[in-house]
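This report goes through a structural model part by part, for a reader who has the sequence and the coordinates at hand.

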Amino acid sequence: MVFYYLSNMDIMIKEHCRAYFSLSFEGGFNSTILNAVRKVPGRRYRIDLKSWLIPDKQECIAVLLENLYKTGLFNFESGKNTEVAAKTDNSGLIKDSVCNTDDTVTKMKVILEAKHYSTRTIESYVRWIKDFLSTHSGCGRNLGQREINEYLTDLAVKQKISASTQNQAMSALLFYFRFVKNENPNQLEDVIHAKKPQRIPVVMSRNEVQKVVERLSGSYRLMGKLLYGTGMRLNELVSLRILDVDFENSQIIIRNAKGGKARHVMLPDCLREELKEHVRSVKAIHDKDLSEGFGSTPLPGRLEMKYPDGKMEFKWQWLFPQKNRWRNAETGKEGRWHVDGSLVQRAVKNAMREAGINKNASCHTFRHSFATHLLENGYDIRTIQELLGHSDIKTTQIYTHVLNKGPNGVVSPLDRL
């Protein structure tokens with residue numbers, strides 16, 4: 001998204017990444033404009049881009065535009081610049097598509113949160129709506145059925161995205177039109193859908209699982225065992241807190257999983273003592289943080305308002321905390337977040353390489369292997385569905401391929417010679 005404010009100089013504002021947009025000046029700038037930009041919270045200058053990076057937040061955009069207007073260096077009077085005049089109101093404040101788009105996105109976030117969508121789903125939906133609105137250079141006032149069809153078709157035909165990604169984009173657009181614009185588009189038969197390939201999940205044998213786990217070290221080994229022993233997703237594992245482990249009932253509570261759902265999974269008996277020892281080591285880290293004046297952790301939702309002192313309690317600490325405390329550069333506060341999932345992925349990838357496993361496997365392969373091996377052991381598919389947290393049993397049925405031996409159940413005629 002690019003916007004020009006014409007005067008003795010042009011200001012170019014365009015998207016830089018998900019968290020920032022860039023601001024640059026054509027024709028140079030003076031100290032007055034420089035001071036206006038410097039008053040925006042969170043801004044930073046990239047000398048290699050010759051641009052300012054501004055946080056993509058409503059309050060930051062509002063401060064920036066208001067500061068630029070107050071400089072008095074830009075002419076917004078009606079008739080002298082039709083394009084800009086159309087983007088101002090009677091007060092003279094700039095009313096451009098950046099602000100309107102941001103207001104639209106903010107409204108959508110509020111509705112998504114009110115409907116208890118997960119954080120990752122909210123991020124994905126917002127990303128698609130921003131792309132959709134920027135593609136059509138508008139805020140959605142004149143957008144409708146035709147633009148939806150064109151956008152989704154373009155994703156499949158020109159950008160060649162996968163079927164699941166196109167479906168995610170469609171869900172985001174439908175949510176936007178139905179709950180933000182209060183419209184109900186339903187004529188989507190003209191959309192060219194991306195072809196969904198029939199895939200069989202990659203599964204490791206029990207022997208391969210054991211080889212990979214043996215090559216993991218430290219807390220990564222315990223994480224690998226939990227991924228395979230419970231069928232958790234990686235983001236569910238790293239988001240566990242101390243209170244989520246119920247030793248008395250031999251279960252682990254997974255909160256705010258995919259789709260904002262919660263469920264219980266079993267706590268493997270063979271991991272009970274190892275997990276208790278790990279909790280004791282985390283307690284030692286927490287006690288050390290407290291003695292140094294730290295030890296707080298962010299609480300989910302609005303619990304921090306309900307339990308002001310809860311962030312310091314051990315039960316709310318992450319089960320797998322990061323090695324070092326993070327420090328907020330602006331406030332100076334320090335805390336400890338959970339371990340980054342990418343570190344676990346890297347450790348598992350290295351272990352698979354060392355084990356000589358030449359499969360396109362990852363941390364999620366432990367989950368596939370968990371479900372497949374339970375089916376092989378005779379557990380019913382509904383039980384496995386609940387353990388995996390699938391809403392639709394059809395998602396779980398993909399693992400029934402193990403019950404059909406396929407080529408493995410046929411003896412080659414060559415072996416009969």
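Predicted model: local features only at pLDDT ≥ 70, side-chain atom pairs only at ≥ 80, totals over all residues.

## Helix 5

In helix 5, the buried residues are Ile 122, Ser 124, Tyr 125, Val 126, Trp 128, Ile 129, Phe 132 and Leu 133.

## The nonpolar cores

The largest nonpolar core holds 40 residues, of which Leu 226, Leu 237, Leu 275, Leu 319, Phe 320, Val 344 and Phe 366 touch the most other members. Two or more residues of this core come from each of helix 8, helix 9 (219–230), helix 10 (234–238), strand 6 (251–254), helix 11 (272–291), helix 13 (341–354) and helix 14. Helix 13 contributes the most, with five residues.

Leu 226, when residues up to four places away in sequence are not counted, touches Gly 231, Met 232, Leu 237, Ile 252, Leu 271, Leu 275 and Phe 320. Apart from this core lies another, made of 26 residues, including Leu 112, Val 126, Ile 161 and Ala 172.

## Helix 8 against helix 14

Two packed helices are described by the distance between their axes and by the angle between them. For helix 8 (residues 206–214) and helix 14 (residues 363–376), the axes come within 11 Å and cross at roughly 145°, and the crossing is left-handed.

On the side of helix 8, the contact is made by Arg 206, Val 209, Val 212 and Val 213, which meet Phe 366, Ser 369, His 373 and Glu 376 in helix 14. The residues of this contact divide into four nonpolar, two polar and two charged.

## His 368

Leaving aside neighbours within four places in sequence, His 368 is in contact with Pro 201, Val 202, Val 203 and Tyr 399.

## The chain overall

The protein chain has 16 helices and nine strands, and buried residues make up 43% of its 417 residues. Among the contacts between residues at least 6 apart in sequence, 57% join residues that are at least 24 apart.

Technical notes
Residues numbered from 1 in each chain as written. Heavy atoms only, no water. Axes fitted to C-alpha atoms, helices over the stretch in contact; angles between N-to-C directions. Helix = DSSP H or I, 4+ residues; strand = E, 2+ residues; numbered from the N terminus. Left-handed = near helix turned anticlockwise from the far one by under 90°. Contact = heavy atoms within 4.5 Å. Nonpolar A, V, L, I, M, F, W, Y, C, P; charged D, E, K, R; others polar. Core = buried A, V, L, I, M, F, W, Y, C linked by side-chain atoms within 4.5 Å. Buried < 20%, exposed > 50% of the residue type's maximum accessible area, 1.4 Å probe, protein only.
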